[in-house]
Amino acid sequence: MSKLVIYVKTISYIIFIFALFIKVGMSSESDLKEANLLFDKGEYLESVNLASKSLSIESYIFQARTLAIYGHFFLEEEEAIKVFKQASEFAFLALDIDSLDDNAHVEAAHTMGRYSQLIGIVSALKEGYAEKISFHLDEAIKINPNNISAQISKGTWHAEIVDKAGFMANILYGATSDQARKHYESALSLDSDDIGYLYEISYGLSLLDYKKDRVKAKELLSKVIETEPKNHLDRLYIEKAKNLIIEPGIRIHNYQ
């Protein structure tokens, strides 16, 4: 076989492989786009199944986030724990691909955070989740200070520990009400309209034992309830806002 023929075959093979990578990449992008559409409709497990066709970091992050949301809103006890653990595995697969991806760190914290809320913050503290979650949120914020989810989650990390540990929160974990407010303010400066963000900030503020925080929480919850939902998740958050706003210390209207 002549050198020319070998050269031509080699070039053809390289072109074929390159075209195949482009086709796979376009297919993965298409699957993720469709998965996001399913997510918006509230078809969470279906969206995860579709996203699982891709082995990309974006797919792993999407699957981690979606499963954490699904487990939080729709499952209880052992079923939720199983889903949170599965979600965590996807988050760490994403980190294996790129340890400097801020969203991968956020989802690692998100999945562990939802698990912690389910088993109880006190139990989670005893099992060392406070340090693990804090590490990933600090990494995410270090990589991208404008990551709103990271800012909100770190604020709630402070708020939940303050709520459960009281004056020992700062001594044991470095958690303070002031730091919670600082992270929430950073998040609101980046986006003050998203329903999910506003609810999560309201929830965190409601844990702080100061009138000004409760007043701010009421403000944000009212805004959530009055905002037109863009997708199924927004509607879930609006229902949670209606319930939170009538809890003792938060009550301003009866939206039920």
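Predicted model: local features only at pLDDT ≥ 70, side-chain atom pairs only at ≥ 80, totals over all residues.
Local features require pLDDT of at least 70 and side-chain atom pairs count only at pLDDT 80 or more, whereas totals for chains, interfaces and linings use all residues. Residues are numbered from 1 along each chain as its sequence is written, and side-chain values use heavy atoms, with hydrogens and water left out.

**View 1. Salt bridge between Arg114 and Glu200.** A search of the whole structure finds nine salt bridges (a side-chain nitrogen of Lys or Arg within 4 Å of a carboxyl oxygen of Asp or Glu). In the Arg114–Glu200 pair, the closest N and O atoms are 3.0 Å apart. Arg114 belongs to helix H5 (residues 102-119) and Glu200 to helix H11 (residues 195-207), so the contact ties together parts that are 86 residues apart in sequence. Helices are DSSP runs of H or I with at least four residues, numbered from the N terminus. Both Arg114 and Glu200 are buried (buried, under 20% relative accessible area; exposed, over 50%; 1.4 Å probe, protein chains only).

**View 2. Salt bridge between Glu139 and Lys142 within helix H7.** The closest N and O atoms are 3.0 Å apart. The two residues lie three residues apart in helix H7 (residues 129-143), about one turn of the helix. Glu139 is buried, with a relative accessible area of 17%, while Lys142 is exposed at 61%.

**View 3. Salt bridge between Arg181 and Asp178 within helix H10.** The N to O distance is 2.7 Å. About one helical turn separates these residues, which are three residues apart in helix H10 (residues 177-190). Arg181 is buried at 11% relative accessibility, whereas Asp178 is exposed at 56%. Salt bridges with shared partners join Asp178, Arg181 and Asp213 into one network.
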